[in-house]
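Student: I have a model open and want to go through it with you. Can we take it piece by piece?

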Amino acid sequence: MTSASSGTSSGAVPFRQDARTIGLVGLAHGSSHFFHMLLPPLFPWLIAEFGFSYSELGVLVSVFFVISGVGQALSGFLVDRVGARPVMFFALSSFAASGLVAGTAQGYGGLVVAAALAGLGNAPFHPVDFTILNKRVSPQRLGHGFAVHGISGNLGWATAPVFMAGIATATGSWRTASLCGAAFALLVLAIMVINRDALDDRQGEWAHQAKGAASAQAAKPEHPMAFLKLPSVWLCFSFFFWSTCALSAIQSFASPALQSMYGLPLSLTAMVVTGYMLCGAGGMVVGGFLVGRVQRLEKVISVCLLGSAVLLALVGTGLLPGIAALVVASIAGLGTGLAGPSRDMLIKRAAPPGATGRVYGTVYSGLDLGFCLSAPVFGAMLDHGMTSGIFFGSAATLALSVVSAALVGVGLAARMARPAAVTVG
């Protein structure tokens, strides 16, 4: 019997053991979000050196998310087969290679390769992270693990622009910034290798996993693709797609939209993304406590996201004073943060035993698709002067994500009500 399972049976799970795993996974997840933003903060320097257009540079972002999205769906199968830890090490190595290639690129082709490597590294992180958390963290602290996971992602997004643009400004070299990004990835990889025992998902399977595993063994073996027949998987996918569309609108276009609608300077409206992310991080802290106290998680998700949608729609009316609009848009991040841990737990409950990596990989590829497809739509709105559409559109997509979450909850409630339900292995 493993040490983790022993801890579960004895009822005395060391806090340090859980905290170590949660912290390591959080650091790895933060690094993946950091590399979402490896190149975008350097666009002004790339334009100055190579004369690229923003459309050409935007293709680099699309390359990242296309590879990440396809790779995320496929990497779940790899995680289920070989384990999460070696896949994590490969992903971090890809990030280091991406920074190295970017720092030595001599033209557009090199930057495309760098974006592709970063997307390849980003692809497996959600199936990797959630597999480790679900198998290594005790049930009573799993909600907090999901909260830290979400917070670390927000912090990775917030840190990258400061890190990359700051180094490029201080040194006068975007290449130095890229190479420092590679060094950061190598540092994180070294930390993970040194602490690899806390990341071994093949050791330590808690009771909340072992029970499902026993049921899976008792059931007739299913085809590895059988989980794709579950409506809950595709509803979770659609939930991520719609909620990410809203996030993409805020991250990319809320600042210029606020400037146009309310006459605020860009130096001030740029704070809306930071405010939204910080409020989201604060909401995730509270959301981690809610997860362990609420059975119908879709209700928490619905209330929180609908609250955020109302706030964003209010900003879209143009009726608020300028500063108040910026503050209200930032506070909308609180609802999305509160819903985050409940969202991740809802997906865990929807995942059949033995298919954790595959389900998380498929579901979270909806995030990449949302980023990839929504940016051109919201960008076109801004180009055509439909500035209020940025906020009304993000509110509408949040409402659509609530519908998906509610349907997942209904399906789970029906499944739990059926005696001796057979799960997909």
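Student: Is Met 271 buried, partly exposed or exposed?

Tutor: Met 271 is partly exposed, because its relative accessible area is 44%. Buried means under 20% relative accessible area, exposed means over 50%, and partly exposed is in between, with a 1.4 Å probe and protein chains only.

Student: Which helix holds Met 271?

Tutor: Met 271 sits in helix α13, residues 271–291. Helices here are DSSP runs of H or I with at least four residues, strands are E runs of at least two, and both are numbered from the N terminus.

Student: Before I go on, what sort of model is this?

Tutor: It is a predicted model: local features need pLDDT of at least 70, side-chain atom pairs count only at pLDDT 80 or more, and totals for chains, interfaces and linings use all residues. Residues are numbered from 1 along each chain as its sequence is written, and side-chain values use heavy atoms, with hydrogens and water left out.

Student: New topic. How many salt bridges are there?

Tutor: The count comes to 4 salt bridges. The rule is a side-chain nitrogen of Lys or Arg within 4 Å of a carboxyl oxygen of Asp or Glu.

Student: What does Arg 141 pair with?

Tutor: Arg 141 forms a salt bridge with Asp 18, with the closest N and O atoms 2.8 Å apart. Arg 141 is in helix α8 and Asp 18 in helix α2, so the pair ties together parts 123 residues apart in sequence. Both Arg 141 and Asp 18 are buried.

Student: And what about Arg 20?

Tutor: Arg 20 meets Asp 197 in a salt bridge, 2.8 Å from N to O. Asp 197 is in the loop between α9 and α10 (207–218), Arg 20 is in helix α2, and the two are 177 residues apart. Asp 197 is partly exposed at 44% relative accessibility, and Arg 20 is partly exposed at 33%.

Student: Which residue does Arg 85 bridge to?

Tutor: Arg 85 bridges to Asp 200, with the closest N and O atoms 4.0 Å apart. Arg 85 is in helix α5 and Asp 200 in the loop between α9 and α10, 115 residues apart. Asp 200 counts as buried at 14% relative accessibility, while Arg 85 is partly exposed at 22%.

Student: Now helix α9. What does its buried side pack against?

Tutor: The buried residues of α9 pack against α2 (15–36), α3 (43–50), α5 (84–104), α6 (108–122) and α8 (139–171). Among those buried residues are Trp 174, Gly 181 and Met 192.

Conventions:
Contact means heavy atoms within 4.5 Å.
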